[in-house]
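Please read this report with the sequence and the three-dimensional picture side by side.

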Amino acid sequence: MIRLSRLSVPFWREALIAFAVFVLTLSGSLAFAKSFHDISQKGRAFNLKELSVDRGDTVRFNNDDEFIHQIFIDARAFKFDSAESDPGHVIPVEFTAPGLYEVRCHIHPKMLLLVTVK
Ligand SMILES: [Cu+2]
């Protein structure tokens, strides 16, 4: 009995430490959980004028028109230049740096979406 109780103290200490590490890892991954945001390209326009996302989030640009679109961002902190996207296709863009970005389509120069990345 004495031997068992001597053995069980370090076991429970290790179990508690392992549990604490597990909880911290879980809360850490929740804090950095990445989200997806859907934007529609329709009628030669984005369905929103502004969007706010968290760093690491992905914006999916859905081509809901009957002709091609494209996505480009040309900022110092973040650049993106997609291929042309056919109707029904999606361009995913992961925003990896905080800032305010002008998202445009080079085919339709009037298309503009302002994305704030926190
Ligand atoms: Cu376009």
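Helices (H or I, at least four residues) and strands (E, at least two) are DSSP runs, numbered from the N terminus, and two strands pair if DSSP finds at least two bridges between them. This is a predicted model, in which local features need pLDDT of at least 70 and side-chain atom pairs count only at pLDDT 80 or more, while totals for chains, interfaces and linings use all residues. Residues are numbered from 1 along each chain as its sequence is written.

The chain has one helix and nine strands, and from the N terminus on its elements run α-β-β-β-β-β-β-β-β-β.

Strand β9 (residues 112-117) pairs with β3 and with β8, as the table shows.

| Strand joined to β9 | Bridges | Direction |
|---|---|---|
| β3 (residues 50-53) | four bridges | parallel |
| β8 (residues 99-104) | six bridges | antiparallel |

Within these pairings, Glu50 has Leu114 of β9 as its bridge partner, and the bridge partner of Tyr101 in β9 is Val115. In a regular strand the side chains alternate between the two faces of the sheet. In β9, Leu113, Val115 and Val117 form a covered face, whereas Leu112, Leu114 and Thr116 form an uncovered one.

Another group of four strands forms an open sheet with mixed pairing, in the order β2-β1-β4-β7. Its edge strands are β2 and β7 (90-94), each of which pairs on one side only. Strands β1 and β2 pair in the antiparallel sense over two bridges, and Gln41 stands opposite Phe46 in β2.

Which strand holds Asp38? Asp38 lies in strand β1, and it counts as exposed because it has 11 C-beta neighbours inside 10 Å. Leaving aside neighbours within four places in sequence, Asp38 is in contact (C-beta atoms, placed from the backbone, within 7 Å) with Arg60 and Asn62. The C-alpha atoms of Asp38 and Thr58 are separated by 8.7 Å, although these residues are 20 residues apart along the chain.

Arg44 is found in the loop between β1 (36-42) and β2 (45-46), and it is partly exposed because 14 other C-beta atoms lie within 10 Å. Most residues other than glycine have a negative phi. Phi of Arg44, however, is near 55 degrees, a positive value in a residue other than glycine.

Methods: Buried ≥ 20, exposed ≤ 12 C-beta atoms within 10 Å, placed from the backbone. Contact = placed C-beta atoms within 7 Å.
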